[in-house]
Amino acid sequence: MESRVPVFLDHLRLARAYSPHTVAAYRRDLADFQTFLRERLGRPPRAEEITEDHVRAYLGVLTRRGLAART
């Protein structure tokens, strides 16, 4: 997953013309998700092994942190 994040962020910045602030927010969110997966899996995650269940569990963590559903 780690090798794909910079490519995705470059796409947002260059092809989609997202603002630097938006790209930075995506960078932080993806880093947080990677940390969550690392803690859950006990190792760095590979993109192809991330499942819907991982995403749902992470969204649950965000909800418990008090973040709004829109976030």
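Start by selecting Glu 2 and Arg 38: their side chains meet in a salt bridge, with N to O at 2.8 Å. (A salt bridge here is a side-chain nitrogen of Lys or Arg within 4 Å of a carboxyl oxygen of Asp or Glu.) This pair links distant parts of the chain, 36 residues apart: Glu 2 sits in the segment before α1 (5-15), and Arg 38 in helix α2 (residues 20-41). Helices (H or I, at least four residues) and strands (E, at least two) are DSSP runs, numbered from the N terminus. Glu 2 has 44% relative accessibility and counts as partly exposed; so does Arg 38, at 31%. For those labels, buried means under 20% relative accessible area, exposed means over 50%, and partly exposed is in between, using a 1.4 Å probe and protein chains only.

A word on what you have open: this is a predicted model, where local features need pLDDT of at least 70 and side-chain atom pairs count only at pLDDT 80 or more, while totals for chains, interfaces and linings use all residues. Residues are numbered from 1 along each chain as its sequence is written, and side-chain values use heavy atoms, with hydrogens and water left out.

How many salt bridges does the structure hold? There are eight. Pick Asp 10 and Arg 13 next; their closest N and O atoms are 3.2 Å apart in a salt bridge. Both belong to helix α1, and because they are three residues apart, about one helical turn separates them. Asp 10 is partly exposed at 36%, and Arg 13 is partly exposed at 44%.

Now jump to Asp 32 and Arg 65, another salt bridge, with the closest N and O atoms 2.8 Å apart. Here Asp 32 in helix α2 joins up with Arg 65 in the segment after α3 (52-64), 33 residues away. Asp 32 is partly exposed, with a relative accessible area of 22%. Then select Arg 4, Arg 43, Arg 46, Glu 48 and Glu 49 together to see a network of salt bridges.

**Around helix α1**

Which residues of α1 are buried? Color Val 5, Leu 9 and Leu 12. They lie on the same side of α1, because they cover an arc of only 55° around the axis, the arc being that of the directions from the helix axis to the C-beta atoms. The buried residues of α1 pack against α2. Turn to the other side of α1 and you'll find Val 7, Leu 14 and Ala 15 exposed. Just after α1, stop at Ala 17, which takes a positive phi of about 60°.

**Met 1**

Go back to the segment before α1 and select Met 1. Is Met 1 buried or exposed? At 14% relative accessibility, Met 1 counts as buried. Leaving aside residues up to four places away in sequence, Met 1 touches Leu 30, Phe 33, Gln 34, Leu 37, Pro 45, Arg 46, Ala 47 and Ile 50. (Contact means heavy atoms within 4.5 Å.) To Arg 70, 69 residues along the sequence, the C-alpha to C-alpha distance from Met 1 is 24 Å.

**Zoom out**

Show the whole chain as a cartoon: the protein has three helices and zero strands, in the pattern α-α-α along the sequence. The C-alpha trace spans about 30 × 30 × 15 Å along its principal axes. Of the 71 residues, 25% count as buried.
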